[in-house]
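Welcome! Take a moment to look over the sequence and turn the structure around on your screen.

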Amino acid sequence: MELSKRQEQIIEIVKSNGPITGENIASKLGLTRATLRPDLAILTMSGFLEARPRVGYYYTGKTGNELLTENIKRLKVQEYQSVPIVVKEHTSVYDAISTMFLDDVGTLFVVDEQSCLIGVLSRKDLLRASMGQQDLTAVPVHIIMTRMPNITVCRRDDMVLDAARKMIDQQIDGLPVVKAVEGGLEVVGRITKTTITKVFVELIRGNHI
Ligand code: ADP
C-alpha cells in the first residue's frame with residue numbers, strides 16, 4: 001500500500017514518541033486534529049498504528065509485507081465469489097458450448113433435477129468431445145463431465161487462499177462454491193483463477209489494506 005508523505009511523517013512521529021495522542025501528533029505537524037483524522041483512520045485500519053483509548057497511538061512494528069500477508073489470509077470466498085453458470089445433466093454438448101461462449105466462462109457446473117451438483121465441464125472436456133464424429137446436439141453432458149465425488153469444492157466461509165491452493169494442487173481453473181442441502185450440494189457461486197488475479201490486483205492497489 002502506498003502511503004502519503006504525511007502518513008509517513010505520522011508513522012515516524014509515533015515510532016519515536018508513541019504512545020502519543022492524536023492532538024500531540026497534530027501539534028508536532030502544525031496541523032489540526034481534524035485534518036489528521038482521515039490519515040489516522042487509514043493508518044489504524046491498515047494496521048501500521050494501533051489506537052488505545054486514553055493512551056494514544058502506538059506503532060505496531062509490522063512491515064507492509066507482513067500486513068499484506070495478514071490481509072490476504074483474512075479474505076473469504078464469499079466476498080469474492082462470482083455467479084456460477086450451471087447446466088442440467090441432459091443438456092447437449094452443443095448447448096453447453098454455446099452457454100460457455102454466451103456466459104463467457106471457462107467452467108460450467110452440471111446439476112441434477114434437484115439442482116444439486118453432479119459434475120464439472122471444462123473447456124478441454126468440451127473440446128475433447130468435439131473431436132470425434134458424433135452429433136454434438138445428441139450427446140448429453142453427463143457422458144463427458146467430471147463427476148461427483150471427484151469434484152473439488154469450496155464453501156462460502158473458506159479462505160480465498162485455501163481455494164487458490166486447491167486449484168493449484170488439483171491443477172484446475174475453478175471451484176464451485178457449495179452449500180449442503182438435503183440430497184447433496186447446491187452450487188451458490190464460483191471461484192476461478194480470474195478471481196484470484198482480481199484479488200491480487202486489488203490488494204496491490206491497497207483497496208483492502
Ligand atoms: P481445462 O481442462 O480447460 O484445462 P481445467 O484445468 O479446469 O480446465 O480442467 C481440467 C480437468 O479437471 C477437466 O477434465 C475438468 O472436468 C476437471 N475439473 C475442473 N474443475 C474441477 C473441479 N472443481 N473438481 C474436479 N475436477 C475439475
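## Meeting the ligand

How many residues surround the ligand, and which are the closest? The answer is 14 residues, and the closest are Ser122, Asp125, Thr146, Thr152 and Asp173. Keep in mind as you explore that this is a predicted model.

Where does the ligand sit? The space it takes is the largest pocket. Helix H7 provides the largest share, with three residues.

Now zoom in on single atoms. Lysine 124 has a polar side-chain atom 2.9 Å from an oxygen atom of the ligand. Glutamine 171 takes part through its backbone instead: one of its backbone N or O atoms lies 3.3 Å from a ligand oxygen atom. Glycine 174 also uses a polar backbone atom, placed 3.1 Å from a nitrogen atom of the ligand.

How much of the ligand does the protein cover? On its own, the ligand has 540 Å² of accessible area, and the protein covers 84% of that.

## A salt bridge along a helix

Side chains with opposite charges can pair when their charged atoms come close to each other. Searching the whole structure turns up nine salt bridges. One of them joins glutamate 70 and arginine 74, whose closest N and O atoms are 3.7 Å apart.

Where would you look for this pair? Both glutamate 70 and arginine 74 belong to helix H4 (residues 64–74), and they are four residues apart, about one turn of the helix.

## Backbone details in the loops

Finally, follow the backbone through some loops. The peptide bond from glycine 18 to proline 19 is cis, and its omega is near -5°. You can find proline 19 in the loop between helix H1 (5–17) and helix H2 (22–29). Methionine 148 and proline 149 are also joined by a cis peptide bond, with omega about 5°. Proline 149 is in the loop that runs between strand E6 (146–147) and helix H8 (160–170).

To see aspartate 104, go to the loop between helix H6 (93–102) and strand E4 (107–111).

How values were computed: Residues are numbered from 1 along each chain as its sequence is written. This is a predicted model: local features need pLDDT of at least 70, side-chain atom pairs count only at pLDDT 80 or more; totals for chains, interfaces and linings use all residues. Side-chain values use heavy atoms; hydrogens and water are left out. A residue is near a molecule or strand if one of its heavy atoms lies within 4 Å of it. A polar contact is a pair of N or O atoms within 3.5 Å; within protein, one must be able to donate a hydrogen and the other to accept it, and residues adjacent in sequence count only if both atoms are side-chain atoms. Accessible areas come from the Shrake-Rupley method with a 1.4 Å probe; for residues, only the protein chains shown count as cover. On a 1 Å grid over the protein atoms alone, a cavity is a set of points where a 1.4 Å probe fits but cannot get out, and a pocket is an open set with protein on both sides within 12 Å along at least five of seven lines; lining residues have an atom within 4 Å of a point. A molecule sits in a cavity or pocket if more than half of its atoms lie within 2 Å of its grid points. Helices (H or I, at least four residues) and strands (E, at least two) are DSSP runs, numbered from the N terminus. A salt bridge is a side-chain nitrogen of Lys or Arg within 4 Å of a carboxyl oxygen of Asp or Glu.
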